[in-house]
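This briefing goes through a predicted model.

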Amino acid sequence: MAKPYEVTDANFENEVLKAATPVLVDFWAPWCGPCRMVAPVVEELSTEYDGKVKFVKLNTDDNIQTATKYGIRSIPTLLVFKSGEPVGQIIGFRPKSDLKKRLDTVLQPSS
Amino acid sequence: MTEARKEYEIIIVGGGPAGLAAGLYAARARRTTLLIERKGAGGQIALTAAVENYPGFDNINGFDLAQAMHQQAEKYGMETAYGDVSAIAQEDGRHVLRTTDGDEYVAKAVILSSGADYVRLDVPGEERLTGYGVSYCATCDAAFFKDQVVAVVGGGDAAMDEGLFVARYASKLYMIHRRDQLRASAILQERAFAQPKMEFVWNTVVEEVLGGDAVTGVRVRNVVTGEVSTLDVGAVFVFIGLTPNTAYLRGTLRMDEGGHIYVNEWMETEVPGLFAAGDIRVNSARQVVSAAGDGATAAIRADHYITDHFGKHPATVSAGAERL
């Protein structure tokens, strides 16, 4: 069971872009209530998708470079990366069932 | 993933202050209690940086307050399930709740506290640019507009409160309001008028949010003169009111035109054992403290209702238990 761990501007390339599996990045900040609300849901997903998807989180307060690069203007934002490219995006706090649907769509090989 | 029906004495739908207070009181009455929450406990207050009007707390972060309420209720035995309740029906004097995931729950009493959601402007560009400069949550998004000119729409407490938070980051704020005076409480008006970054744009409505990949401006119209103009802004924060989350109850319960549920002073709807508390009921004061009060009232009444209709506490919960 892999709990989402923190990535930074410094290791984003190695941890996310060069990862062998798809990666879900949870962009968050400590002062953002909905980000803190979505955190336990993302944690549950990380257990359910263990082995299929890697889950990480990025603090947008401390890692402005990455947040700017991907045009983040609202958090929470969840970005899914496959082979170094963003392939799916969910902006705002959505119910878990929505997140799962979205994640399953993105994970389909031909999507 | 349909499973067997799960039974509780009291089920609460929605985990804002009303639902969390109801959960606390229900659990302390030693009723088996479940809170069903759509997203995460907290509701609207979780969006708020600082709550200054919950008695006993001079200034507390909204999410922290919600989390404290949630933990307090769980400490006394309230359980939490995540799901979106899509239908409620009555069966043999009990209430059956169904979620969009296909889960089913049964309860002797149900407290509806699904709260309210922000109203959208409903203008071109708004939906397309949501998350790209259109925002309904200052604490989520204000920091991304540091040293930029932004717009805040609305004239109530939320608009002033959130606007004052945005002012920590933005260089200038156009405060756009459709009337010539604010509805916000006096103390928030004082602070807003004292904030030099805020420029009030009165008698004005937003007609379009402009921008390609991100917000670049808003087209506005003065409702008195009819004059149309464009304001160059990098973001639009919208706080123009709330609409109750009662769509799933349409046809089940009597509501006013705005979708608020009619209740009596005990938070009872016209369906026995079905209660409504907080922002979803008619004539709510829409405050954290009044929502919590509603929740407590509903839970106390629900406890009495169960004793009256299902026998003395502790009631047996086994399937097929005799009903009175």
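**Helix packing in chain B**

Helix H4 (residues 157-166) of chain B packs against helix H5 (residues 186-194) of chain B at an angle of about 40°, and their axes are 10 Å apart. H4(B) is therefore oblique to H5(B).

- The crossing of H4(B) and H5(B) is left-handed.
- On the H4(B) side, the residues that meet H5(B) are B:Asp157, B:Met160, B:Asp161, B:Gly163 and B:Leu164.
- On the H5(B) side, their partners are B:Leu188, B:Gln189, B:Arg191 and B:Ala192.
- By class, the residues of this contact of H4(B) with H5(B) are 4 nonpolar, 2 polar and 3 charged.

**Contact between chains A and B**

- Chain A brings 19 residues to the contact, and chain B brings 24 residues.
- On the side of chain A that touches chain B, helix H2 (33-48) and helix H4 (96-107) of chain A are the elements that give two or more residues.
- H2(A) gives the most to that side, with 6 residues.
- The side of chain A that touches chain B divides into 12 nonpolar, 4 polar and 3 charged residues.

**Confidence**

- For the complex, the predictor gives an ipTM of 0.83 and a pTM of 0.85.
- Chain B has a mean pLDDT of 93, with 95% of its residues at 70 or more.
- Residues 315-324 of chain B have a pLDDT below 50, and this stretch has 13 contacts in the model beyond near neighbours in sequence.
- Where pLDDT is low, the predicted coordinates should not be read in detail.

Note on methods. Residues are numbered from 1 along each chain as its sequence is written. Chains are lettered from A and ligands numbered from 1 in the order in which they are written. This is a predicted model: local features need pLDDT of at least 70, side-chain atom pairs count only at pLDDT 80 or more; totals for chains, interfaces and linings use all residues. Two residues are in contact if their C-beta atoms, placed from the backbone, lie within 7 Å. Helices (H or I, at least four residues) and strands (E, at least two) are DSSP runs, numbered from the N terminus. Ala, Val, Leu, Ile, Met, Phe, Trp, Tyr, Cys and Pro count as nonpolar, Asp, Glu, Lys and Arg as charged, and the others, Gly among them, as polar. pLDDT is the predictor's confidence in each residue, from 0 to 100. Axes are lines fitted to C-alpha atoms, for helices over the stretch in contact, and angles run from 0 to 180 degrees between N-to-C directions. Angles under 35 degrees count as roughly parallel, over 145 as roughly antiparallel, 65 to 115 as roughly perpendicular and the rest as oblique. A crossing is left-handed if the near helix is turned anticlockwise from the far one by less than a right angle, and right-handed if clockwise.
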